[in-house]
Amino acid sequence: MVQITYKELGLVNTREMFQKAMAGRYAVPAYNFNNLEQLEAIIIGCIQSKSPVIIQCSGSARTYMHEAMVPHLVKGAVEMMKALGASIPLALHLDHGDTFELAKSCINSGFSSVMIDGSHHSFAENIRLTRQVVDYAHARDVTVEAELGVLAGVEDEVTAAASHYTRPAEVEEFVKRTGVDSLAISIGTSHGAFKFKVKPGEEPPPLRFDILAEIEQRRPGFPIVLHGASTVMPEYVDLINRFGGRMEAAVGISEEQLRRAAGSAVCKINIDSDGRLAITAVLRKIFAENPGEFDPRKYLGAARDELIKMVRYKNEQVLLSAGQA
Ligand code: G3H
Ligand code: 13P
Ligand code: ZN
């Protein structure tokens with residue numbers, strides 16, 4: 001596999017992005033991608049809304065695209081940006097890296113930022129693993145995100161989930177001992193499209209802004225990351241259900257809470273599920289209304305257009321990163 005640095009690809013790490021986001025009280029969007037159409041849509045949506053952006057892929061997304069393909073796809077995205085006459089800060093980030101070897105492989109193939117997710121390990125092992133990745137990454141000017149606390153699963157009752165929330169007292173020690181650049185915390189968000197089990201008419205439990213405030217107080221100016229932050233956009237869930245899908249119980253984080261988070265120490269907000277929903281909604285509608293359609297450009301192109309709209313909307317109305325590039 002080709003060895004290449006992120007600087008050769010025309011990317012930046014997240015350090016300056018986060019400094020500016022902290023000062024400007026917005027969050028940099030981190031959109032997951034798994035294929036060409038998603039990548040193009042994220043870049044074009046962010047160019048159109050003049051937003052800095054983190055494009056991120058998980059280990060399994062990298063395998064899906066093939067690890068040798070990813071740097072070339074991203075180089076292509078940078079070239080497309082230049083051809084469009086645009087220049088926005090662009091970082092390539094490993095989402096939920098789980099081993100040192102994976103983080104190292106990504107760093108050596110053009111990633112400018114990596115997450116090492118040791119949140120399921122003991123505190124001591126999380127520190128050891130994170131420190132190992134930080135040492136390797138910082139020697140190459142790559143930034144590192146770690147995680148402390150475990151995101152609530154959909155099965156957890158609110159009270160049970162409380163035991164997984166990030167403990168502010170641990171944040172100070174963790175950051176000091178690892179030298180990590182940013183930290184994903186658990187304050188009530190959760191991954192996927194079914195974030196909470198709520199009865200009809202019931203509101204999902206609010207995020208624990210008190211925990212976030214205490215972390216901010218103990219470690220002022222330190223960049224915090226919010227995972228599991230899709231709003232699970234009702235218009236897409238409705239379309240999916242209308243055209244043969246079964247996602248009635250899907251529920252996400254409210255826009256109002258995300259705007260509040262973006263105005264705090266939260267400098268990066270992760271969005272994967274909403275992108276998946278947008279694509280699925282468009283495909284279901286097109287196939288239901290045009291059973292004879294079999295040109296992928298027609299349906300994948302339409303999905304890409306919808307994703308561009310979604311990215312612009314998020315940047316402009318929710319993360320408030322629009323106009324900051
Ligand atoms: O938080 C996880 C992301 O949504 C990536 O999911 O591992 O299915 O690519 P994935
Ligand atoms: P969502 O599932 O809420 O989009 O969260 C994505 C995420 O946290 C990726 O790391
Ligand atoms: Zn995540």
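Visitor: Which strands each supply at least two residues of the shell around ligand 2?

Guide: They are strand 3 (90–97) and strand 8, where strands (E, at least two residues) and helices (H or I, at least four) are DSSP runs numbered from the N terminus. Before going on, note that this is a predicted model, in which local features need pLDDT of at least 70 and side-chain atom pairs count only at pLDDT 80 or more, while totals for chains, interfaces and linings use all residues. Residues are numbered from 1 along each chain as its sequence is written, chains are lettered from A and ligands numbered from 1 in the order in which they are written, and side-chain values use heavy atoms, with hydrogens and water left out.

Visitor: OK, and which residues come nearest to ligand 2?

Guide: Of the 16 residues around ligand 2, the nearest are Asp 95, Lys 195, Ser 230, Asp 272 and Ser 273, a residue being near when one of its heavy atoms lies within 4 Å. By class, that shell has 2 nonpolar, 11 polar and 3 charged residues; here Ala, Val, Leu, Ile, Met, Phe, Trp, Tyr, Cys and Pro count as nonpolar, Asp, Glu, Lys and Arg as charged, and the others, Gly among them, as polar.

Visitor: What do the backbone atoms of Asp 272 and Ser 273 do there?

Guide: A polar backbone atom of Asp 272 is 2.7 Å from an oxygen atom of ligand 2, and a polar backbone atom of Ser 273 is likewise 2.7 Å from an oxygen atom of the ligand. A backbone N or O atom of Ala 229 lies 3.1 Å from an oxygen atom of ligand 2. Taken on its own, ligand 2 has 300 Å² of accessible area, and the protein covers 96% of that, by the Shrake-Rupley method with a 1.4 Å probe.

Visitor: And what surrounds ligand 1?

Guide: Ligand 1 is surrounded by Asn 32, Ser 58, Ser 60, Asp 95, His 96, His 191, Asp 272 and Arg 276, a shell with no nonpolar, 5 polar and 3 charged residues. Oxygen atoms of ligand 1 are 2.6 Å from a side-chain N or O atom of Ser 58, 3.2 Å from one of Ser 60 and 3.1 Å from one of Arg 276. The protein buries 68% of the 300 Å² that ligand 1 exposes when taken alone.

Visitor: Changing topic: how many residues of helix 3 are buried?

Guide: Helix 3 is mostly covered, with 10 of its 13 residues buried, which here means under 20% relative accessible area, against over 50% for exposed and partly exposed in between (1.4 Å probe, protein chains only). Among the buried ones are Gln 38, Glu 40, Ile 43 and Cys 46. The buried residues pack against strand 1, strand 2 (53–58), helix 5 (70–83), strand 3, helix 13 and helix 14, contact being heavy atoms within 4.5 Å.

Visitor: How far does helix 14 reach?

Guide: Helix 14 (residues 296–318) has 23 residues and reaches 31 Å from its first C-alpha to its last, close to the 33 Å expected, that span being 1.5 Å times one less than the number of residues. At its start, a side-chain oxygen of Asp 295 reaches to within 2.9 Å of the backbone nitrogen of Arg 297, and the helix is followed by Leu 320, whose phi is positive, near 60°. The buried residues of helix 14 include Tyr 299, Glu 306, Met 310 and Lys 314.

Visitor: Last one, Thr 143: buried or exposed?

Guide: Thr 143, in strand 5 (residues 143–148), counts as buried because its relative accessibility is 0%. Its side chain makes a polar contact with the side chain of Thr 14 at 2.9 Å; a polar contact is a pair of N or O atoms within 3.5 Å, where within protein one must be able to donate a hydrogen and the other to accept it, and residues adjacent in sequence count only if both atoms are side-chain atoms.
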